[in-house]
Amino acid sequence: MSAVTETEPFVHPALFYRGEREYVAGTVPFLEEGLDAGEAVAVAVPGPNLELIRGELGARAAQVKLLDMTQVGRNPGRIISRVLGAFADAHPTGRVRIIGEPIWAGRTPTEYPACVQHEALINLAFQGRAVTILCPYDVVSLEQTVLTDAYATHPTIIEGGTESTSAAYAPEAVVSRYNQPLTAPGDVPQTRYDAQTLPDVRHFATRRAAELGLPEERLHDFALAVAELTTNSVVHGRGSGALRVWLQDGHVVCEVRDAGLLTDPLAGRRAQPPGRRGGRGLLLVHVVADLVRIHTAPDEGTTIHGYFRC
């Protein structure tokens, strides 16, 4: 894709496409140019689009890491660390070229805020790195709000083979706008905890998740997430917190609320540098949960919702 100009180390265009023909025209030449240049190349897109790319690449598909984004990126909060970052870190020399499609028509309104924050935070996570990440957007099936947000999270837009600079580019504003307050249903009781009652609240949460129908094979992940979040409350959230557990749209949801403040917008979305305190527990929660939503504000503290599919 000659329209992508690499004047800066990190390049992050959005590709607006209509139908399979435009999708192929916007993605396959981009991948082939990377292969011709000797770059490490990966694709993480929803299954049908992945098969479309695989078929168009033919024998060259064997040179590309192909991932189904609906599986590896179901939780958008783990895409930076477990998908994009993992591939880039595995190829530390030379430029890395990736297609990542984290937003598709099947994303739910609950998932979307974490998705668009992910797209905004890519710019911070890969700043200064020799990485190109092309993000396709289906302009036919996605709502206009999603496309408007794409202009704010990508410095350039490619549409109809033409590249243009986005005058609306403002990723920090997007992260702030989607830092939305999180609430539990009004009839869900709250359980307070501190350092002395951590074991009790963890046992209560896991038992409640089982009662609500979380499969036994997921209970370990749920218990691990609760342990990490409640420990963070005690260590970083002024010594105490409050927990709720409920069933919502086929997921068991765990809410942990405390008086702490998250100051790193990438907390939980990337591994912390050696020597920096905090963040590792939240990273683990992103790995084991199907979705993580976070709200943090100086006058409200931090609320985290972890979703586990039943």
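I take two strands to pair if DSSP finds at least two bridges between them. Helices (H or I, at least four residues) and strands (E, at least two) are DSSP runs that I number from the N terminus.

**Entry 1. Basis.** I am reading a predicted model, in which local features need pLDDT of at least 70 and side-chain atom pairs count only at pLDDT 80 or more, while totals for chains, interfaces and linings use all residues. Residues are numbered from 1 along each chain as its sequence is written, and side-chain values use heavy atoms, with hydrogens and water left out.

**Entry 2. Strand β11.** I looked up the partners of β11 first. Eight bridges join β11 to strand β13 (residues 301–309), and the two run antiparallel. In this pairing D258 stands opposite T302 of β13. Strand β10 (residues 240–248) also pairs with β11 in the antiparallel sense, over seven bridges, and here L247 stands opposite V252.

I then checked burial, where buried means under 20% relative accessible area, exposed over 50%, and partly exposed in between (1.4 Å probe, protein chains only). Seven of the eight residues of β11 (residues 251–258) are buried, so the strand is largely enclosed by the rest of the structure.

**Entry 3. E255.** I listed its contacts (heavy atoms within 4.5 Å). Not counting residues up to four places away in sequence, E255 touches L182, T183, A184, A242, L243, R244, W246, T303, I304 and H305. For A184, I noted a C-alpha separation of 7.6 Å from E255, although the two residues are 71 apart along the chain.

**Entry 4. Cysteines.** How many disulfides (pairs of cysteine sulfur atoms within 2.5 Å) does a search of the whole structure find? The search finds zero. I examined C254 and found that its sulfur is 13 Å from the closest cysteine sulfur, in C310, which is too far for a bond. C310 is likewise in no disulfide. C254 is buried at 2% relative accessibility, whereas C310 is partly exposed at 38%.

**Entry 5. Positive phi.** I looked for residues other than glycine with positive phi. D249 has a phi of about 50 degrees although it is not a glycine. D249 belongs to the hairpin of β10 and β11, which has two residues between the strands, and it is exposed, with a relative accessible area of 67%.

R238 is another such residue, with phi near 70 degrees. I place R238 in the loop between α9 and β10, where it counts as exposed at 72% relative accessibility.

**Entry 6. R218.** I located R218 in helix α9 (residues 216–236). R218 is buried, with a relative accessible area of 16%. Leaving aside its neighbours within four places in sequence, I find R218 in contact with V288, D290, F308 and R309.

**Entry 7. Hairpin of β7 and β8.** Strand β7 (residues 156–159) pairs with strand β8 (residues 162–165) in the antiparallel sense over four bridges. T156 stands opposite T165 in β8. The two strands form a hairpin with two residues between them, and I noted a positive phi of about 60 degrees at G160 in the turn.

**Entry 8. Helix α2.** Which residues of helix α2 (residues 47–57) are buried? I recorded G47, N49, L50, L52, I53 and L57. An α-helix has 3.6 residues a turn, so residues three or four places apart point the same way. The buried residues of α2 pack against β2 (13–17), α1 (19–36), β3, β4 (65–68) and α3 (69–72). The helix is followed by G58, whose phi is positive, near 65 degrees.

**Entry 9. Cavity.** On a 1 Å grid over the protein atoms alone, I take a cavity as a set of points where a 1.4 Å probe fits but cannot get out, with lining residues having an atom within 4 Å of a point. Grid points are joined across faces, edges and corners, and a volume is the space filled by probe spheres set on the points.

A search of the whole structure finds one cavity of 30 Å³ or more, and the largest cavity has a volume of about 30 Å³. I listed A42, A44, L67, V83, L84, F87 and I98 as its lining. The elements that give two or more residues to this lining are β3 (40–45) and α4 (79–89), and α4 gives the most, with three.

Terms used
1 Å grid on protein atoms, 1.4 Å probe; cavity = no way out; pocket = protein on both sides within 12 Å on 5 of 7 lines; lining within 4 Å. Disulfide = S-S within 2.5 Å.
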